Amino acid sequence: MESAEAVAKVEEWLRDVHGADADVRVDHDHVLRVVEGWYVPYNSVGFLDGGDIGARIIPPPALIVREPEGDLRHASPLPGGPSIPVQYHDRDHWAEMIDPEYLDAGVAHLGIPLTAITGWQRFTADGTETEETRPNPEYRTGPLRRGYPAPWTALDYLVEFRDVGWLDQRRFVIGLLEHSLLVPVADDQVRYQSVTDGRRTVELWTSTRYLPPGIREWIWLDPVSLVEQVPEADLVVHGPWQLPVTTTTEEIRAAQAEFPRRSERIYTTGNCPEALPEVRRWAADVAARIGLPDPVEPPSDAADHARAHGFELSAEECYRVVSGRTWSRRLAMVLPPNRPSEPAAFGLTPGYDDDGRPTLRTDSFGKFADVGQDTNFSWQRLLGAYVGFALGEALGAPVDRLTIGEIERRHGPSGVTDLAAPAQAGPMTQRLLFLTEAFLRTPADAGPDMLAAAAREAVPRWQYTQGQAAEPDGWMPRLRELHAIRQPDPADLRSGPAVLLGALPGVLTLGGRGDVPFGGSERAVRAFAALPESGEGDLTAAVFLGLLLERSLERPFSPALWVSAGTVLKDRGGPQWDVVRNMAQRSVIAIPKSGMHRIPEPGEIGDGYDALSVLGRAIAAVSGFENNPEAALLRAVNHSGRSALTGAVAGALAGARNGVPDLPQKWVDQLELRPLIERVVTDVARRFEGIPEGEEGQRWLRRYPAIRP
């Protein structure tokens, strides 16, 4: 379409809406080519012809004539805002209902794709809103609802929108022009380049968070500058989860010719936070101030472990890790330690030493550990599962077993909206820790019988802390922190949904090194989950949760629940699995190839009291909200039923997905027993690597005395 044809369409609309003698006309001097088509502004005749400032319409209105459709849309008065279909004063119109995820991404200047419109709502000719809507059969569910990672940069939106089909290749490349890309550098050489059949491939990244471990330096440059240096190449842009989108230098040059980059050119070199020169100087300064002979090294190892699992240490966190490691080394010296008055300000946090005594350790922010880096499960995700479990139980405990009506009467129409301080570790969190201790007490080759024996011992070991059993050996039963009375319903010790507590400890049996067949945790989950009166249906529910957790704890990323559930159930047959399959179909978000998705409501799954419906409600709370753990946890506790257990299971699923850094920090900071949880999870990671030998092994056995055959 030529500009003259676009102008003619706008002039026809002006006559239709404003009349043949209207005092408005197209501003021919400012007609522009835009991504959607032609931008055609109009203004008053008095201003356009006579220069009458008083007659000028501000801001100047404009229509967009889209290509190739030729339909008319009102241009947004705000830069980068969305255009909307034109209205006629004597006709009803159908307003687009655009997925908020697309609107919030700041890419509306690329146009509103049909695939991002959920449907339309009718307005009458006088602008009155009606309740009449019609769905869009071409709509595609967006990345966040599908369970993609939350975007970290504006460029991440483009990568994810391209992957789900909200942007075609042309609009992706045009959008890419206004952003900049990271090129990894090592030893003064650009990394991640290859040549195949004479064609070069260059790999690029959207953020330092997603750079491969080991990279410390980068070049930050715009696509136009890049193609000047690399004339012919395929460019692979890595975003969240290393999600790749490929373009070519030829496509970028074509886009630049059509819509030249408006922003300034960028060519900047820099370092990742852990490699900043200031961090090394800070290490020397801290060492000198507290009397340490030699400074610690910059936290490159910590940064690599974090980045390998989808996290990044900020510059401030790097400074604090350096401070914490410096002080930890100083506190280990024979000389009087002169402990810092505010440990947190110096990168230290409460912990436990190998003999189970309280100590101070370097804060990891839930992003890195010194162990478990080459094992099947991510330490970060495992810690997130345990912390999430504890948070979910604490959030649901005040309303446990209340009806939704009672919850709303006590807490208002929105129900529970925040965590009651302090966030106490409830009886299920305590029992989960002792079931985990049972895993730590078994040898690597333990069979189901030994695992079951260890699980049975876990109950009286925990009951000792509640004043109900004789004193056992090991460090956990003696911890004063665990002696807070958190008495559960006695029925929970014999049957019912408490079987779900065995899923996470059972899955730990797969966490070592080497290939493990998917689904290999089933026998171990059954061993840890079994209660004296538990039935096959309860145990099958626990196994299903365990299989979901297997997927959630995998490296390098955790798939969405609707994806995991389909994989888990694909080859499962039999009456009990048919019941689970039916529950899963109602509990996970339903995402069709095209058309509107269906978000499940937790309160509509079962009665909320048996194992299967508790699990179903937890899955329904998280599914579609994987990237919003606060919303997921609130959904998990605001219903009639076992709010505490449902919240705990949902917290484990959301925590495994997000890790501690992406859980609500306002709640994490209040959590009781967090230092103990992190120590136990770290020991689990050590157990993945193999039970230590020598003196360290003796300390291990004092903490976790071996289970007796």
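This is a predicted model: local features need pLDDT of at least 70, side-chain atom pairs count only at pLDDT 80 or more; totals for chains, interfaces and linings use all residues.
**Ground rules.** I number residues from 1 along each chain as its sequence is written, and side-chain values use heavy atoms, with hydrogens and water left out. Local features need pLDDT of at least 70, side-chain atom pairs count only at pLDDT 80 or more, and totals for chains, interfaces and linings use all residues.

**Ring pairs.** I paired rings of Phe, Tyr and Trp (its six-membered ring) if their centres lie within 6.5 Å; planes under 30 degrees apart count as stacked, over 60 as edge-to-face and the rest as tilted. I got 16 aromatic pairs by this rule. Tryptophan 218 and tryptophan 220 are edge-to-face, because their ring centres are 6.5 Å apart and their planes stand at 70°.

I then looked up accessibility (buried is under 20% relative accessible area, exposed over 50%, partly exposed in between; 1.4 Å probe, protein chains only). Tryptophan 218 is buried at 15%. Tryptophan 220 is partly exposed at 26%.

Tryptophan 282 and tyrosine 319 are also edge-to-face, since their centres are 5.9 Å apart and their planes are at 80°. Tryptophan 282 lies in helix H9 (residues 277-290) and tyrosine 319 in helix H11 (residues 315-331), so this pair ties together parts 37 residues apart in sequence. I took helices as DSSP runs (H or I, at least four residues), numbered from the N terminus. Tryptophan 282 is partly exposed at 30%. Tyrosine 319 is partly exposed at 27%.

**Cluster.** I found Tyr102, Tyr157, Phe161 and Trp166 in one aromatic cluster.

**Charges over rings.** I required NZ of Lys or CZ of Arg within 6 Å of the ring centre and within 35 degrees of the ring normal. Arginine 33 sits over tryptophan 38, 5.6 Å from the ring centre. Arginine 191 has its charged end over tyrosine 192, 5.3 Å from the ring's centre.

Conventions:
Helices (H or I, at least four residues) and strands (E, at least two) are DSSP runs, numbered from the N terminus.
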